[in-house]
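Work through these exercises on helix packing with the model open. Each task is followed by a stepwise solution.

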Amino acid sequence: MTQEIEDKGTHQIIKPPNDLRQKTKPSRSSPPNFDPIAKAEQALHQMSGNFTLWIEEEVAALVKAWSVAREAGLSTDSMDDLFRAAIDIKGQAETFGYPIAGSIADSLCRLVEHGQEGNQLPEPLLDQHVQAVRAVVRERAKGDDSQIALSLLHNLTDVTNDYIAQSA
């Protein structure tokens with residue numbers, strides 16, 4: 001197995017080999033037709049009953065981080081806490097069945113990262129992101145059939161992109 005090298009002109013991206021088949025090989029004690037992917041999907045399905053509770057806990061952590069940031073001021077520490085709460089949602093929302101909440105959290109992460117570069121962050125836009133994630137989960141807006149959630153996502157993303165472009 002060889003590594004992949006992508007030449008970008010000014011730099012190269014080296015992608016090390018990552019053969020997941022090596023990591024999912026059945027052990028000698030596994031049954032002859034053992035399918036580790038099917039086993040993982042089965043385990044995920046068994047845990048799926050907890051997904052709503054887990055995403056609600058993540059949203060509560062985001063709301064708390066935002067509340068602390070508002071009270072203490074938008075300091076580096078409070079923004080780090082807000083970023084960590086948002087990136088947790090970004091990373092888990094798709095698995096938990098809330099991809100729109102994950103995309104809104106992604107927009108919030110980009111906004112906070114922009115602030116970490118020394119740019120002043122608009123508090124109302126931060127608040128709108130937090131409230132949007134909260135509303136999407138509360139209303140169980142899980143898929144593309146929720147036009148209000150999608151509209152909210154697109155509007156927040158557009159405003160965030162415009163803000164970042166104008167203040168860069």
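**Exercise 1. Which residues of helix 5 are buried?**

Keep in mind that the model is predicted.

Step 1. Apply the cut-off: buried means under 20% relative accessible area.

Step 2. List the residues that pass. In helix 5 they are Ile-100, Ala-101, Gly-102, Ile-104, Ala-105, Ser-107, Leu-108, Cys-109, Leu-111, Val-112, His-114 and Gly-115.

Step 3. Find the cover. It includes helix 3, helix 4, helix 6 and helix 7.

Step 4. Check the length. Helix 5 has 18 residues and reaches 25 Å from first to last C-alpha, close to the 26 Å expected at 1.5 Å a residue.

**Exercise 2. Determine how helix 5 and helix 7 pack.**

Step 1. Take the geometry. Helix 5 (residues 99-116) and helix 7 (residues 147-167) meet at about 15°, and their axes are 10 Å apart.

Step 2. Classify the angle. Angles under 35 degrees count as roughly parallel, so helix 5 is roughly parallel to helix 7.

Step 3. Assign the hand. The crossing of these two helices is left-handed.

Step 4. Name the contact residues. Helix 5 supplies Ile-100, Ser-103, Ile-104, Ser-107, Arg-110, Leu-111 and His-114. Those from helix 7 include Leu-153, Leu-156, Thr-160 and Ile-164.

Step 5. Sort by class. The contact of helix 5 with helix 7 has nine nonpolar, seven polar and one charged residues.

**Exercise 3. Repeat the analysis for helix 3 and helix 6.**

Step 1. The packing angle is about 160°, with the axes 10 Å apart.

Step 2. Angles over 145 degrees count as roughly antiparallel, and helix 3 and helix 6 are therefore roughly antiparallel to each other.

Step 3. Helix 3 passes helix 6 in a left-handed crossing.

Step 4. Contact residues include Val-59, Leu-62 and Trp-66 of helix 3, and Leu-126, Val-130 and Val-133 of helix 6.

Step 5. By class, the contact of helix 3 with helix 6 has nine nonpolar, no polar and five charged residues.

**Exercise 4. Examine helix 6 and what follows it.**

Step 1. The 16 residues of helix 6 (residues 123-138) should span 22 Å at 1.5 Å a residue, and the end C-alpha atoms are 22 Å apart, which agrees.

Step 2. Locate the buried residues. Among them are Asp-127, His-129, Ala-132 and Val-136. The buried residues of helix 6 pack against helix 3, helix 4, helix 5 and helix 7.

Step 3. Most residues other than glycine have a negative phi. Arg-140 has a positive phi of about 55° although it is not a glycine.

Step 4. Arg-140 is partly exposed, with a relative accessible area of 40%.

Technical notes: Residues numbered from 1 in each chain as written. Predicted model: local features only at pLDDT ≥ 70, side-chain atom pairs only at ≥ 80, totals over all residues. Heavy atoms only, no water. Axes fitted to C-alpha atoms, helices over the stretch in contact; angles between N-to-C directions. Helix = DSSP H or I, 4+ residues; strand = E, 2+ residues; numbered from the N terminus. Parallel < 35°, antiparallel > 145°, perpendicular 65-115°, else oblique. Left-handed = near helix turned anticlockwise from the far one by under 90°. Contact = heavy atoms within 4.5 Å. Nonpolar A, V, L, I, M, F, W, Y, C, P; charged D, E, K, R; others polar. Expected span 1.5 Å × (residues − 1). Buried < 20%, exposed > 50% of the residue type's maximum accessible area, 1.4 Å probe, protein only.
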